[in-house]
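Trainee: I have a model to go through before I set anything up. Can we start with the terms and then walk through it?

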Amino acid sequence: MTRRGERPSRGGRAEGRPAGRRSALRGGRQAVTVAIRLARRMAWQSRGRSVLVVLLIALPIIGLAGIDTVQASRTASPADTVRLQLGRSEARLQVVSAPDPQLRQDPLTDDTVQSGDPTGESRDPADVLPKGTEILRVTQTTVVAKTAGGIGSLSAFEGSAWDRRLVGKFTLVDGRAPNAAGEILVSPGALVRLGVSLGATVAIQAPRAETVRVVGVLRDADVGDSESVLYGRDGAFGGVSAQDALSSSKFYLPSTVLTWPDVKKLNAQGIVALSRAVVLDPPSASEAPRSDNGSGPDVTLILSVALLGAFALFEVCLLAGAAFAVGARHRQRSLAVLSSVGADRRTIFAVMTTEGAVLGLLGGLLGSGLGIVLAALGEPLISGGRAAQYPAFRVDLLGLSGIVLAAVVSGLLAAAFPARAASRVDIVAAIRGAQRPPRPSFRRPFVGVFVVAAGSVLSLAGGIVIIASRQTADTPQAVTNTGIGLLIAGPITMQIGAILIAPLLLRWVMAAFSRLGAGARLGSRDASRNPSRTVPAIAAIMSTVFVSAFSMCLLAGSQAMGIRDHFWSAPLGQVQVGLTLYDATGAPRVDADRGERVASVLQSTFPGTTARIVSTSPSASPDADPSTTFAAPRLRGVEPGQTSGDGLTNGDHIVVGSVDDLATLLDAPVTAEARAMLASGGAVATSPIYASGGRLTIDTFASREDLDFSKAESLRTVQVNTALQRPVRAPDFGLFLLPETARSLGIPYRATVVIDQVGTGVAQAKQDQLAAALQVVDPGLYAGYETGPDRSAANWSWALLGLTTVIALGASIVAIALARADGRRDDETLAALGSPPRILRSFGFWQGIIIAGLGAVIGVALGLVPAFALGLHPPGVTHGFVPFDPPWLQLAATALAMPLLIALGGWLTARTSRPRVSLRTR
């Protein structure tokens with residue numbers, strides 16, 4: 001029965017509640033306030049888990065905020081430009097051509113935008129500007145000076161660079177300005193290379209021999225601390241002609257203001273100008289077009305950072321989601337009580353998602369602050385002393401706001417899926433503490449296969465779009481951006497599909513590992529039956545490994561492209577010293593002992609090596625002595641005097657030396673066939689055009705200016721048997737003969753180069769030592785080093801592997817810690833059954849193998865897909881955007897060694913002490 005004035009209760013509504021009122025737990029503004037209050041209390045009650053989530057979100061935010069701050073600091077404002085390029089002067093002029101009425105420049109820089117047909121001779125700015133205009137001229141040149149290790153070539157500037165009106169561009173940091181001839185300033189790096197201090201003297205050997213005194217240290221905004229530069233008064237070093245000085249000089253105007261019309265008048269005279277007045281108040285873009293000098297935003301860099309940031313936040317969502325899922329299970333009874341007192345599903349969902357948003361905000365703020373600090377500490381190290389590289393430290397508030405917002409969204413998404421599951425809680429079962437095992441689903445893995453396939457198609461399409469956009473120069477940037485966007489969407493789609501497949505893979509692993517012992521059986525069953533915390537950990541490691549594997553493939557592909565396009569002057573690690581020198585009239589300077597003396601110098605500089613004197617047949621030259629003869633082989637499919645398809649000509653590409661010389665030149669052992677051919681009086685060819693049918697015809701001609709190969713009559717024609725040995729890389733010679741063979745065939749030759757295999761990484765001091773020793777032999781000698789293309793990809797790949805291991809180890813620690821926290825009752829059950837410590841250690845070991853192993857293998861496999869997509873190329877094109885050349889050793893270590901290391905960590909940190917067992921008595 002009901003009392004008068006009351007209505008029967010419905011749906012659990014408390015009796016006596018006024019009909020027009022709603023519960024504060026059932027939507028409305030009060031529900032939001034209650035959700036925020038409850039979320040704050042729950043986060044505070046689980047402080048350890050909350051700190052973990054904040055740190056997980058903060059870690060990628062640190063990187064994103066640091067990159068954003070560094071990029072913001074690299075952008076020079078107009079005020080930065082005039083301060084670092086002009087100092088306190090009004091303008092800087094450069095002569096770029098002869099007078100050209102069509103020459104136009106960018107008003108914000110001194111880059112040329114348009115040019116026509118210059119005529120006449122270049123003009124000195126002093127002749128163009130009004131008479132009496134004060135000009136500070138700074139001319140760049142090169143000097144040869146004695147260094148701490150020997151002698152070396154250094155950059156030098158002549159002119160009053162230390163003038164107080166150029167402070168900002170050139171800054172005197174120590175000592176004083178030169179007051180007399182013979183006094184110079186040096187850069188900080190020059191002090192180290194020269195091995196001197198203030199007040200010491202330096203011996204200049206070229207352009208003219210003199211001794212100068214170092215009186216100060218000058219810093220250039222565009223020069224790093226490690227670079228060696230000398231600064232002297234006008235004419236201090238000499239060796240620069242008046243005409244060459246125009247193109248190598250910069251003319252600063254201390255007090256003459258240049259307007260935009262003034263700059264255009266100078267352009268017509270072949271002179272560009274960087275004017276303070278124009279930079280600070282530039283004309284409109286319609287009046288003065290800007291140059292495309294790369295100063296705008298780097299779209300590729302932005303998208304690359306967005307890609308890394310997206311995967312990093314994706315990983316955070318997974319790990320933080322696992323933490324929220326474990327927290328939801330621990331709060332199962334509290335949430336059930338909350339539901340029993342009137343909270344609906346929306347309120348439960350709001351409580352947990354609000355907690356995620358709050359923790360995301362804290363993580364975003366913490367990460368942004370630490371990222372700014374790291375950027376401030378790292379910029380001086382990155383710049384290496386170049387003030388112009390990072391003109392000013394700037395914080396991009398708009399960009400950081402977006403990063404913090406992304407952190408909030410990440411926390412919200414991380415909590416959303418556990419919140420959705422928690423909002424469907426069974427109140428009675430939750431209060432009783434009962435937990436239902438997850439139901440296996442075969443529909444999700446089936447869908448996951450199609451999702452992975454769709455992601456692969458998107459990745460391949462992205463690679464094809466990018467490669468197609470690079471085939472023509474006028475392709476819109478939007479097309480390239482679309483391809484990059486597909487490359488971002490494709491891998492994310494593949495990883496979502498892999499997450500859907502992961503529970504099925506865990507069940508397969510459980511079936512396979514159940515035969516490997518108790519620890520493997522327990523670990524695999526725990527992972528399989530708790531996918532809500534295992535799958536996010538696998539996905540987090542998978543995402544980390546994917547980014548690492550993809551980056552490794554890009555690095556290796558870029559290195560392969562550099563090796564493919566590198567011009568080899570000699571085999572890797574070889575030094576060559578040319579012996580052919582000429583006097584001022586162009587006549588050769590003959591020295592019969594020069595080769596032996598150079599070889600002696602090389603062997604004394606690099607002990608333990610063998611210097612070899614190599615001879616070549618002289619080439620036809622109009623400047624050669626008319627009595628000189630030269631040999632020209634008849635090449636298959638190449639007309640005499642023309643260049644072959646291999647880049648070889650029939651000039652001085654006949655080399656004469658020993659078998660060991662040939663092995664050194666080829667950087668490979670001489671084959672048995674080639675050795676036999678040389679021993680029988682034949683020749684070894686490095687290209688098929690020299691070895692047509694196993695025989696080659698060589699003509700000997702007299703050198704003369706009007707030589708025409710098609711009409712010239714050879715002095716001698718001989719035939720020689722040839723064997724082919726293709727070198728590893730394209731050589732700069734085509735035919736090799738022994739000295740006795742060349743003499744018997746009447747082929748002239750002379751010593752032209754000394755070679756020595758000294759290895760890579762020759763220190764600058766050792767190079768200076770060799771240069772000094774060669775100057776003693778002959779001042780015109782110099783050494784050339786073949787260091788090969790950049791091969792740092794392997795080092796960067798190992799570094800990426802180390803970073804990936806650290807991140808994956810952290811993800812595994814989080815996952816295993818959550819598993820242990822969630823499985824505390826299982827530990828108590830094992831302890832009650834008397835399980836030994838080795839079972840618990842084995843349990844932790846196999847947990848690490850399963851979680852890290854599955855994530856690493858899937859991540860490596862998925863990382864190969866977009867790398868393969870970028871290596872695709874259409875018919876008729878030899879290569880794609882980046883060659884597909886995966887570093888298999890590093891990838892194998894990522895997929896196999898890294899999970900083993902993580903598993904060993906799980907074995908070492910496994911809790912082996914027996915937990916306290918409590919029995920419920922009622």
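Mentor: Burial first: a residue is buried under 20% relative accessible area, exposed over 50%, and partly exposed in between (1.4 Å probe, protein chains only). This is a predicted model, so local features need pLDDT of at least 70, side-chain atom pairs count only at pLDDT 80 or more, and totals for chains, interfaces and linings use all residues. Residues are numbered from 1 along each chain as its sequence is written, and side-chain values use heavy atoms, with hydrogens and water left out.

Trainee: Fine. Is Leu370 buried or partly exposed?

Mentor: Leu370 has a relative accessible area of 39%, so it is partly exposed. Leu370 sits in helix 11. Helices here are DSSP runs of H or I with at least four residues, strands are E runs of at least two, and both are numbered from the N terminus.

Trainee: Which residues form the nonpolar patch on the surface?

Mentor: Val51, Leu55, Leu366 and Leu370, with about 320 Å² of accessible area together. Helix 2 (47-74) and helix 11 (345-383) are the elements giving two or more residues to the patch. Patch members have over 30% relative accessible area and no salt bridge; like charges are joined within 9 Å, and nonpolar side chains (Val, Leu, Ile, Met, Phe, Trp, Tyr) within 5 Å. The areas come from the Shrake-Rupley method with a 1.4 Å probe, and for residues only the protein chains shown count as cover.

Trainee: Ser73 next. Buried or exposed?

Mentor: Ser73 is buried, at 0% relative accessible area. Ser73 belongs to helix 2, and its side chain reaches the backbone oxygen of Thr69 at 2.9 Å.

Trainee: What else is Ser73 in contact with?

Mentor: Leaving aside neighbours within four places in sequence, Ser73 is in contact (heavy atoms within 4.5 Å) with Glu379, Tyr390, Pro391, Ala392, Phe393 and Arg394.

Trainee: Where does the salt bridge of Arg394 go?

Mentor: To Asp80, at 2.3 Å from N to O. Arg394 lies in the loop between helix 11 and helix 12 (397-422) and Asp80 in helix 3 (residues 78-85), so the pair ties together parts that are 314 residues apart in sequence. Asp80 is buried at 7% relative accessible area, while Arg394 is partly exposed at 25%. The cut-off for a salt bridge is a side-chain nitrogen of Lys or Arg within 4 Å of a carboxyl oxygen of Asp or Glu.

Trainee: How many salt bridges in the whole structure?

Mentor: The search finds 15. Another one of them joins Asp225 and Arg219, with the closest N and O atoms 2.3 Å apart. Asp225 is partly exposed at 31% relative accessibility, and Arg219 is partly exposed at 29%. Elsewhere, salt bridges that share partners join Asp80, Arg83 and Arg394 into one network.

Trainee: Back to helix 3. Which of its residues are buried?

Mentor: Asp80, Val82, Leu84 and Gln85. The buried residues of helix 3 pack against strand 1 (91-95), strand 11 (249-253), strand 12 (271-275) and helix 8 (276-280). Just after helix 3, Gly87 takes a positive phi of about 65 degrees.

Trainee: Last topic, the largest nonpolar core. Which members touch the most others?

Mentor: Of its 38 residues, Leu506, Phe513, Ile850 and Leu891. Helix 25 gives the most to this core, with 12 residues. A nonpolar core is a set of buried Ala, Val, Leu, Ile, Met, Phe, Trp, Tyr and Cys residues joined through side-chain atoms within 4.5 Å.

Trainee: And what does Phe513 touch?

Mentor: Not counting residues up to four places away in sequence, Phe513 touches Ala520, Arg521, Ser524, Trp846, Ile849 and Ile850.

Methods. A polar contact is a pair of N or O atoms within 3.5 Å; within protein, one must be able to donate a hydrogen and the other to accept it, and residues adjacent in sequence count only if both atoms are side-chain atoms.
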